[in-house]
Amino acid sequence: MYYPAKITGSEKLSKTLYLKRIKILSDGIKEPLPFQFLLAWVPGVDLLPMSVADFSNGEVAIIVKERGEGSRALIRLHSGFLGVMGFYGAGFKPWSYKRILFIAGGSGIAPFFYLARKACEEGVSVDLVWGVRGGDELFNPRSLLNTVNKDTEIYIATEDCSAGYCGRASMLASRVIHENPGKWDLVIASGPQGLLREVCSLLSDTGIELYVNTETLVKCGVGACGSCVLKPHPLLLCKHGPVFRCRDIEGFLKGG
Amino acid sequence: MLETSIAGLRLKHPVMNASGILGSEPEHLEILAKQGFSALVSKTITLNPREGYPPPIIVELRNNGLLNAVGLANPGARVIPVLARKARELSKPLILSIGGSSVEEFVKLAELASEAGVDAVELNLSCPHAEGYGLELGSDPMLVYRIVKDVVSVASLPVIAKLGLTDRVIESAGKALEAGVKALTLINTVKAMSIDVYTLKPVLSNKYGGLSGPPIHPIAVRVVYDVYREYRAEIIGVGGVSSWMDVAELMLAGARAVQVGTALIWNENIVDEILSGLHKWLIDLGYNSLMDLVGIAVM
Ligand SMILES: Cc1cc2nc3c(=O)[nH]c(=O)nc-3n(C[C@H](O)[C@H](O)[C@H](O)COP(=O)(O)O)c2cc1C
Ligand code: FES
């Protein structure tokens, strides 16, 4: 569905990441599921797929990473109007698991916050491994949206070795999993395709269920244009995803 | 009970997908085949690849309609044999939708379709938002005649013309039949617009788009009725079908088959629901073949 919307909050979180709060100017919008996403329309500039980082009372939070012209325009939009389409995707409700390890790369952390809020309501625990390239991309996940539970463990990795573990998120995740056998029964990886591929192969022999939050070209969000198809699989990110089990999209992960 | 035939194709039931909701890649055909359509229709394919318009290309409207200006994005003619192979693998008849900005482009595409062994071609003479590629063609009855005539002369497969809502749609339909099409697909989306009332701008990047879904269904019924009354032609009815009753209406107006587009977005079980509804309808009415009901509302 298309909704007019207004930016109600804007915050620089780190060198490359920004938080935007968006009020939907329409009544009766249904609460999204974790991992559902929206398309943010900056008039005359671009339409950007964004994970829901939080939602309450018709207000959505998103985390925007500065990359191209479109994201820069959205970041610059401090109090103006924009369009929001959504919420799209099947979402993911992993409530049959006991303890989830969320492995995020860069801005792939965005859906963690909303998952954490919902998981807490459902009595499921979520821990976080967050990897970034440079330490200047980091912010404190605990203080961001107040969705992170006290019992949540947070592990940080930087590739420039300026903070936390020195190396990639997948490596750190592999280490903490081996140090804590039996602690997690579900892994969800979210971020660049390289990270997803590494998580799926590195952790394949742990016996833990492995899911990934995929990214690809999304032009419509409703399952019509076909741009988001995860070739060679007959699966649409915007309709069947964006979260898939590793083994269901092996061909796609290899291809990217 | 639900068998039908259209343009020489014998189909298990009358429900196909409408061109353009998926259908430009082999993976898309797999997704569509799972929904149970009796034949698959491709996205409109042009000779050269087309990027289409930048997003927004689709808007879900408050009135249950959908507005789109995709701009005929497709991978170009090289995908034709790939789609044909996939449809054979899926054991589904394939109707290849083709589009062009000249008579020559249509002819070339029809030749490629014949070579690839697809089951029929549907000429898109009705896209309301791709300049030079659609509605302008279909609203000029003489141009319709020329395109169809030339395509029919080279194509060794059944040719269907898809026409949209214009003031001269009945005339264009007549010319298409005269030039040798086996069937008509009626209608395409209806030219429309949506404006955001806070940013004060049209939402689609192309500003104009095509309206589809429930709001256009009564228009489709009217056009099918008028064309059937005039020519008793073979018609595929399309426009806003979201339940078996919508299909029933189009068939009573003269359609021997129907296509479903927009409703796929909101309902993955649409085909099964339509088929069981039609089945029950026939029993309620005491008929044993759907074909006996085609056009019987037309006087
Ligand atoms: C997103 C979208 C893309 C479409 N693309 C095409 C196309 O490539 N060729 C075509 O002939 N019709 C195209 N159509 C029109 C449909 O085939 C159909 O005629 C129209 O949507 C009305 O049917 P519906 O209300 O069931 O969707 C498209 C429609 C939509 C919604
Ligand atoms: S983005 Fe258009 S089908 Fe998924």
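Across the interface of chain B and chain A, 10 residue pairs are in polar contact, both residues at pLDDT 80 or more. A polar contact is a pair of N or O atoms within 3.5 Å; within protein, one must be able to donate a hydrogen and the other to accept it, and residues adjacent in sequence count only if both atoms are side-chain atoms. This is a predicted model: local features need pLDDT of at least 70, side-chain atom pairs count only at pLDDT 80 or more, and totals for chains, interfaces and linings use all residues. Residues are numbered from 1 along each chain as its sequence is written, chains are lettered from A in the order in which they are written, and side-chain values use heavy atoms, without hydrogens and water.

**Interface**

- On the chain B side, helix 1 (26–34), strand 5 (58–60), strand 13 (201–202) and helix 9 (263–266) each supply at least two residues that touch chain A. Helices (H or I, at least four residues) and strands (E, at least two) are DSSP runs, numbered from the N terminus.
- Helix 1 of chain B gives the most to this side, with six residues.
- By class, this side of chain B has 15 nonpolar, three polar and 10 charged residues. Ala, Val, Leu, Ile, Met, Phe, Trp, Tyr, Cys and Pro count as nonpolar, Asp, Glu, Lys and Arg as charged, and the others, Gly among them, as polar.
- Contact (heavy atoms within 4.5 Å) links 28 residues of chain B with 27 residues of chain A.
- The two chains bury about 2500 Å² between them, 67% of it on carbon and sulfur atoms. E27(B), E60(B) and Y198(B) supply 23% of the area that chain B buries against chain A, more than any other three residues. Buried area is the accessible area (1.4 Å probe) that two parts lose on being put together, summed over both.
- Three salt bridges are counted between chain B and chain A. K231(A) and E25(B) meet in a salt bridge through their side chains (2.9 Å, N to O). The rule asks for a side-chain nitrogen of Lys or Arg within 4 Å of a carboxyl oxygen of Asp or Glu.

**Cavities**

- The whole structure holds two cavities of 30 Å³ or more. On a 1 Å grid over the protein atoms alone, a cavity is a set of points where a 1.4 Å probe fits but cannot get out, and a pocket is an open set with protein on both sides within 12 Å along at least five of seven lines; lining residues have an atom within 4 Å of a point.
- The largest cavity has a volume of about 60 Å³. Its lining draws on both chains, including K239(A), L236(A), I31(B) and E268(B).
- The second largest cavity contains about 40 Å³ of space. Among its lining residues are C120(A), N149(A) and D151(A). Helix 2 (110–122) and strand 9 (125–132) of chain A each supply at least two residues of this lining.

**Pockets**

- The largest pocket has a volume of about 720 Å³. It is lined by 36 residues, with L48(A), P49(A), M50(A), R67(A) and E215(A) nearest its centre.
- Strand 4 of chain A gives the most to that lining, with six residues.
- The second largest pocket holds about 500 Å³. Of its 38 lining residues, S19(B), I21(B), N68(B), T189(B) and S212(B) are the closest to its centre.
- The lining of the second largest pocket has 19 nonpolar, 17 polar and two charged residues.

Terms used:
Grid points are joined across faces, edges and corners, and a volume is the space filled by probe spheres set on the points.
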